[in-house]
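Open your viewer and get ready to click along. We will start with the whole chain and then move to a few selections.

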Amino acid sequence: MKKPVDVEKNKENYLQFIANRKNLILSLIDDEGKPFISYAPFVKHEGKLYIYISKIAEHYRYMENNEFVDALLIADESATNNKFATERVRWNCTASNIGNDGHEEIFELFNADHGAAMVNLLRGLDFSLFELTPLQGRYVVGFGLAFDIDVDANLFNHVVIDKKRDEEATVQGSK
């Protein structure tokens, strides 16, 4: 008999996991339609993710030219027991350059998480604030422990795969 999944405990772990991460990995499409990956420091606010990046960074242009971006947070592999089941969360997002004017509540979060001296220095340069709006996400904690989620865990559904049904469908399809 399988042990029941403690959804509330996993939800708490998910929220803690996000709170302990300062950088996210960005998956984008370059100007030639090829995959491009980068990273940026981020903050989370009211169901959205925010990054602050320079115009000279390659990912700036790719974010400007593409509506969609995937964002990934992943556990430190030195603290991961099973590398095939590393704790991670991925969101499909839309991205929007919202500039630098206003948004003081976002900049206060950057100050708190990444240091006011650094953020104030960057605000005098060619940096711009991008808002990432998660459309859907998946949190993976281990084998059989995946959850379809929204960024604030208001949606947190355990993903269950019916292997027997999938095997039967495969056998039926091969006849």
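Helices (H or I, at least four residues) and strands (E, at least two) are DSSP runs, numbered from the N terminus. Color by these elements and follow the sequence: the pattern reads α-β-β-β-α-β-β-α-α-β-β-β-α, with five helices and eight strands. You are looking at a predicted model, where local features need pLDDT of at least 70, side-chain atom pairs count only at pLDDT 80 or more, and totals for chains, interfaces and linings use all residues. Residues are numbered from 1 along each chain as its sequence is written, and side-chain values use heavy atoms, leaving out hydrogens and water.

Now show the whole chain. Of its 175 residues, 36% count as buried; that means under 20% relative accessible area, with exposed over 50% and partly exposed in between (1.4 Å probe, protein chains only).

Next, select residues 104–114, which form helix 3. Which residues of helix 3 are buried? They are Ile106, Phe107, Phe110 and Asn111. Look down the axis of helix 3: these buried residues fall within an arc of 145 degrees, so they line one face of the helix. The arc is that of the directions from the helix axis to the C-beta atoms.

Continue to helix 4, residues 116–123, and pick Met118. Buried or partly exposed? Met118 counts as partly exposed because its relative accessibility is 44%.
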